[in-house]
Amino acid sequence: MALALVGCASEPDEGGTDGGTDGEEDGGTEETAEGGDLVIATGSDAEAMDPHGSNDVPSSNVQHNIFETLLTQSEEMELEPLLATDWEAVEEDVWEFTLREDVTFHDGSEFNAEVVKANMERVLDPDVASPRQFLFEMVEEVVVVDDYTVQFHTEFPFSPLPSHLAHTGGSMISAEAIEADYEAMEDGEQPGDYINKNPIGTGIFEFENWDSGNEVNLVKNENYWGEEANVDTVTFKVVPEDLTRVGELETGDVHITYPVSPSDRSRVENSDGASVYEQASLSTSYIGFNNDKEPFDDPTVRQALSMAIDKDAIINSVVEGAADPAIGPIGEQVFGFSQDVDSIDYDPERAQELLAEAGYEDGFETTIWTNDSRERQDIAEIVQAQLAEIDVDVSIEVLEWGAYLDNTAEGQHDMFILGWVTVTGDADYGMYPLFHSSQHGAAGNRTFTDSQELDDILVEAREESDEEVRADLYEQAMEILVDDAPMLYLYHQTYLVGLRDEVQGFWKHPNGLYQLHDVTLN
């Protein structure tokens, strides 16, 4: 989950405003829909209000409404202006951004190039130890050209930088709040302690209160630089139990609930006054093979195991159809995906032949690891049964989450089940951390993939500025990753959100973040 729970800043595009427009056409709806307290039931509490101090979706969903980034992404993952109006690569290792001139923070302070510089330096400060530092580690210097022009100088040409600056890790915090946080650190407090109590951004909502473990309360920013939000307040209510969240949606105590488990989908759809909203996601669920261990160091064995698993059976059984089968590590919403790459299809007879070719005609014994996620344990049981059909004897081991991450990072596993969200919408984020040989272990490459050919392609693709060339390089990378099968790519899950009928204008971004700007309560 730590790998998968990453957020990415975004604002509504035309698809997001359709709901609001439809409401306005219903004679007088716009007037009657103003105001109200929007209540969102969520399964987990935020870890932090500081957007540089956490790397999980529950935190990002709150932060996304308090803070803003230089750029944003549409539902189709197209980059769009937000706090920056224009951007371009002025040199192969220099990106220049022109900033909006009419923006103030919730504390009244001005947004300008110096603020951008202060935020980037804070994210990269080793004393702050931001878990989002990896997003900008290629930035060597941030140069203030003038009050509303700023340049990012990178260690090497890095084409995906604009996409990274649309991530909530690039959220802009008031310079005064940053200064106060550093002063608190000098007095012995931890990085982010001040900002967690005083999260001051430029967003459509302002922070009001955080009752840790229970709820977070936001209020409408009456001085927002753009079009203001429609609702007066937003409450993020922590409700860990699935059935309790559904029950509160049915009674109207909450307006939005997430996640809706696939097994509860029909209940919500059949309830009076509520429905299920679906959104394809940028996530990929996978089974990783330890490429450093026998027999998984043999690509023929990895291909055989990939052929022996019926993805459709897993999708229908575990998530009740709320997912699309994965061809490779990225889905079609991510830049770099290619429809021309063929997947490894389910073929247990051919799988057994390949095992024999690899010298395992009698199969072998192995283990598959999972954490205590019910969904992943269900997947492990199906995999265990299906691999038994080709004489592979699989034992399931369930580990505590922290130990699970530590031990897979150290390469102690045979097979393991995990997920990844390509939150930037760019293949670099979905391939480089997972498969480049420099990223072995905790950095993301838990399969310990080591291919010089693949390394060279991934480096060339992230440094190439021509999008057509980049797309071709990522197609090559996908072909290698499917053929070499360092992991078994299972599915891209669909987000299921419970909505009350009175909620209009809501949408959920493929990166997992709630889009509340146009929400009305009718």
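1. Helices (H or I, at least four residues) and strands (E, at least two) are DSSP runs, numbered from the N terminus. Ser 283 lies in strand 13, residues 283-289.

2. This is a predicted model, in which local features need pLDDT of at least 70 and side-chain atom pairs pLDDT 80 or more, while totals for chains, interfaces and linings use all residues. Residues are numbered from 1 along each chain as its sequence is written, and side-chain values use heavy atoms, without hydrogens and water.

3. Ser 283 is buried, because its relative accessibility is 13%; buried means under 20% relative accessible area, exposed over 50% and partly exposed in between (1.4 Å probe, protein chains only). Leaving out residues up to four places away in sequence, Ser 283 is in contact (heavy atoms within 4.5 Å) with Trp 420, Val 421, Tyr 491, His 492 and Gln 493.

4. There are 15 aromatic pairs in the structure. Rings of Phe, Tyr and Trp (its six-membered ring) pair if their centres lie within 6.5 Å; planes under 30 degrees apart count as stacked, over 60 as edge-to-face and the rest as tilted. Tyr 258 and Tyr 495 make an edge-to-face pair, with centres 5.9 Å apart and planes at 80°. This pair joins strand 11 (residues 256-258) to strand 18 (residues 487-500), across 237 residues. Tyr 258 is buried at 18%, and Tyr 495 at 11%.

5. The charged end of Lys 508 sits over the ring of Tyr 258, 3.9 Å from its centre, and over that of Tyr 495, at 4.8 Å. The criterion is NZ of Lys or CZ of Arg within 6 Å of the ring centre and within 35 degrees of the ring normal.
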